[in-house]
Amino acid sequence: MTVLLVCLLLVFPNLADSQSAQENWVVSFILDGTETPTGKFVNITAIDLDSEGNLFILDSGRNRILKYSNQNLLLREIGGFGNSQDRFNDPRDLDAHLTLNVFVSDYNNNRIVRFDSHLNYLSDFSIENLNISYDDPFYFEMPLSVAVNNQYDLFVLEDLNKRIVKFD
């Protein structure tokens with residue numbers, strides 16, 4: 001099934017003609033992945049924007065991340081199935097809003113992968129790398145979602161224990 005990503009431009013109507021503010025949405029462009037090296041989108045599970053207006057798309061159906069400029073041009077595509085630095089096994093979420101880093105929750109590889117803003121691999125955050133044992137309170141497996149705040153605290157929504165784990 002092809003999933004279309006529709007980005008919309010918000011246009012405000014002339015408020016003098018109406019007593020209540022109403023919003024009209026107009027389609028400004030459509031991305032379907034046809035121009036990418038590996039083809040159309042299969043299963044988009046997350047999107048995020050950085051502060052420069054670049055759009056990051058997580059296509060878990062193809063285990064890949066795509067970065068589009070704010071002019072809708074494909075800048076980079078990384079990924080594929082696997083467990084190496086730029087490969088994924090069912091990625092579920094990404095966080096790119098802080099611009100310097102992009103964090104990806106890689107569900108079946110039990111890790112959070114960190115890339116720079118150009119999608120170059122920096123590191124991964126996993127229980128193996130942190131030497132965390134199963135009885136440790138910070139143990140996590142099967143990360144569903146990831147979020148990073150402005151102080152770079154990392155929040156991981158993990159599926160195994162149905163909880164959120166915060167790392168400073």
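**View 1. Strands E9 and E10 of the predicted model run antiparallel and are joined by five bridges.** Strand E9 covers residues 111-116, and strand E10 covers residues 121-126. Within this pairing, Phe 115 has Tyr 121 of E10 as its bridge partner. As the model is a prediction, local features are described where pLDDT is at least 70.

**View 2. Strands E7, E8, E9 and E10 form an open sheet in that order.** Pairing in this sheet of four strands is antiparallel. Strand E7 (91-95) and strand E10 are the edge strands, each of which pairs on one side only. From one strand to the next, the twist averages 20 degrees.

**View 3. Leu 119 sits in the loop between E9 and E10.** Leu 119 counts as buried because its relative accessibility is 2%, and the cut-off for a buried residue is under 20%. Apart from neighbours within four places in sequence, Leu 119 is in contact with Phe 56, Ile 65, Lys 67, Arg 76, Ile 78 and Val 102. Another of them, Lys 67, belongs to strand E5. The C-alpha atom of Leu 119 is separated by 8.8 Å from that of Asp 86, a residue 33 positions away along the chain.

**View 4. Strand E4, made up of residues 55-59, is largely enclosed by the rest of the structure, because five of its five residues are buried.**

**View 5. Strands E3 and E4 form a hairpin with five residues between them.** Strand E3 (residues 44-49) runs antiparallel to E4, and five bridges join the two. Among the paired residues, Ile 47 has Ile 57 of E4 as its bridge partner. Gly 53, in the turn of this hairpin, has a positive phi of about 90 degrees.

**View 6. Strands E4 and E5 form a hairpin with four residues between them.** The pairing of E4 and E5 is antiparallel and extends over five bridges. Phe 56 has Lys 67 of E5 as its bridge partner. Asn 63 lies in the turn, with a positive phi of about 50 degrees.

**View 7. Ser 69 is found in the loop between strand E5 (64-68) and strand E6 (74-79).** Ser 69 counts as buried because its relative accessibility is 7%. When residues up to four places away in sequence are not counted, Ser 69 touches Gly 53, Asn 54 and Leu 75. Gly 53 is the turn residue of the hairpin formed by E3 and E4 that has a positive phi.

View 8. From the N terminus on, the order of elements is β-β-β-β-β-β-β-β-β-β-α-β-β-β. The protein has 168 residues, of which buried residues make up 42%. Of the contacts with a separation of 6 or more, 40% are between residues 24 or more positions apart. The accessible surface comes to about 9300 Å², and 52% of this belongs to carbon and sulfur atoms.

Definitions and conventions: Residues are numbered from 1 along each chain as its sequence is written. This is a predicted model: local features need pLDDT of at least 70, side-chain atom pairs count only at pLDDT 80 or more; totals for chains, interfaces and linings use all residues. Side-chain values use heavy atoms; hydrogens and water are left out. Two strands pair if DSSP finds at least two bridges between them. Axes are lines fitted to C-alpha atoms, for helices over the stretch in contact, and angles run from 0 to 180 degrees between N-to-C directions. Buried means under 20% relative accessible area, exposed over 50%, partly exposed in between (1.4 Å probe, protein chains only). Contact means heavy atoms within 4.5 Å. Accessible areas come from the Shrake-Rupley method with a 1.4 Å probe; for residues, only the protein chains shown count as cover.
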